[in-house]
Amino acid sequence: VLVTAFVGFYLASPEIPRYLLLIKMLFGTALAAGGTLALNQFMERDTDALMARTRHRPIPDGRVQPGEALCFGILLVLGGLGYLAIAVNVLSALVTGFIALSYLVLYTPMKPRSSLCMLVGAVPGALPPVIGWLAARGAFDTAAWVLFAIMFLWQIPHTLAIARLFRDDYAKAGIQFLPVIEPDGDSTHRQIISNCAALLAVSLLPTLLGLAGGAYFIAAFCLGCGFLGSGIRLAISSTLARARHLLFASLIYLPVL
């Protein structure tokens, strides 16, 4: 969250970024993001206890009581939003507040109900660079939404790779990700390939908009082709090893981009 918010701030800044404002934006965003994730763990404490990958989190493990987590999360979110509104600007605080609300009120309750939760959850996950952009410029811009689109499209194959790897775990907890409700993998593979292909195209736009140069364009094209290739290989042979390769490719793709 902080790295992508930093990228949004950096790209929206003039030649010399306002470093103090950057630090304030990162601090407020960190508070709000930490609080949102704490509240998410409060809300999902029962399902977390059912999954091997999450049962050692503080609440299901008994290290933190639910009431403590609730108060801690609320204080962090409110502190982060208030700090952003006062020290940065109101727009960045509003977008951060929307992220927290949509993640907690829409995405989290949808996870045991519909596979569409993945698309809903990708929206708050894609907005941090917009926070950074608004902090630097104080206004929306086409380029900010291009950064949003890159993050949104990247999350789909990334999340589906994780869901494929931990399909049995998610099934135990009743999480309705695509690999759980359609184990044959056809829908999962279509989503992975289509989003990787769209990401390849959208990731080239920063050069066309003047945000980046030729070196970025070449790197984005090569990274996008590699990411798409990993998705196609998983579709050809849906094994855990191929899913792990796709996850690894996603973790290489975003920071390098």
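## Helices 5 and 6

Helix 5 passes helix 6 in a left-handed crossing, a term used when the near helix is turned anticlockwise from the far one by less than a right angle, the clockwise case being right-handed. Helices and strands here are DSSP runs numbered from the N terminus (H or I with at least four residues for helices, E with at least two for strands). The model is a predicted one, in which local features need pLDDT of at least 70 and side-chain atom pairs count only at pLDDT 80 or more, while totals for chains, interfaces and linings use all residues. Residues are numbered from 1 along each chain as its sequence is written, and side-chain values use heavy atoms, with hydrogens and water left out.

Helix 5 covers residues 90-110 and helix 6 covers residues 117-126, and the two pack at an angle of about 165° with their axes 9 Å apart; axes are lines fitted to C-alpha atoms, for helices over the stretch in contact, and angles run from 0 to 180 degrees between N-to-C directions. That angle makes helix 5 roughly antiparallel to helix 6 (under 35 degrees counts as roughly parallel, over 145 as roughly antiparallel, 65 to 115 as roughly perpendicular and the rest as oblique). From helix 5, Phe 98, Ile 99, Ser 102, Tyr 103, Leu 106, Tyr 107 and Met 110 meet Cys 117, Val 120, Gly 121, Val 123 and Pro 124 of helix 6, where contact means heavy atoms within 4.5 Å. By class, this contact of helix 5 with helix 6 has 10 nonpolar, 2 polar and no charged residues (Ala, Val, Leu, Ile, Met, Phe, Trp, Tyr, Cys and Pro count as nonpolar, Asp, Glu, Lys and Arg as charged, and the others, Gly among them, as polar).

## Burial around helix 6

Within helix 6, the residues Cys 117, Met 118, Gly 121, Ala 122, Pro 124 and Ala 126 are buried, where buried means under 20% relative accessible area, exposed over 50%, and partly exposed in between (1.4 Å probe, protein chains only). What covers these buried residues of helix 6 includes helix 5, helix 7 (128-137) and helix 8 (142-165).

The C-alpha atoms of Leu 94 and Arg 137 are separated by 15 Å, the two residues being 43 residues apart along the chain.

## Cysteines

The structure holds 0 disulfides, a disulfide being a pair of cysteine sulfur atoms within 2.5 Å. Cys 117 is in no disulfide, and the nearest cysteine sulfur, that of Cys 196, is 19 Å away. Cys 117 is buried, with a relative accessible area of 0%, whereas Cys 71 is partly exposed at 47%.

## Helices 2 and 4

Helix 2 (residues 19-43) packs with helix 4 (residues 66-88) at an angle of about 155°, with the axes 7 Å apart, and these two helices are therefore roughly antiparallel to each other. Their crossing is left-handed, and the residues of the contact of helix 2 with helix 4 divide into 19 nonpolar, 8 polar and 1 charged.

Asn 40 lies in helix 2 and counts as buried at 5% relative accessibility. Leaving aside its neighbours within four places in sequence, Asn 40 is in contact with Tyr 103, Leu 104 and Thr 108.

## Helices 8 and 14

The axes of helix 8 and helix 14 (residues 240-256) come within 8 Å and cross at roughly 150°, which makes helix 8 roughly antiparallel to helix 14. Helix 8 passes helix 14 in a left-handed crossing. On the side of helix 8 the residues that meet helix 14 include Met 151, Trp 154 and Pro 157, and those of helix 14 include Leu 240, Ala 243 and Arg 244. The residues of this contact divide into 13 nonpolar, 2 polar and 2 charged.

Asn 195, found in helix 11 (residues 186-202), is buried with a relative accessible area of 8%. Apart from neighbours within four places in sequence, Asn 195 is in contact with Leu 153, Ile 156 and Pro 157.

Ala 220 lies in helix 13 (residues 214-236) and is buried, with a relative accessible area of 0%. Beyond its neighbours within four places in sequence, Ala 220 is in contact with Leu 200, Ser 203, Leu 204 and Leu 257. Gly 8 is 212 residues apart from Ala 220 along the chain, and the C-alpha atoms of the two are separated by 17 Å.
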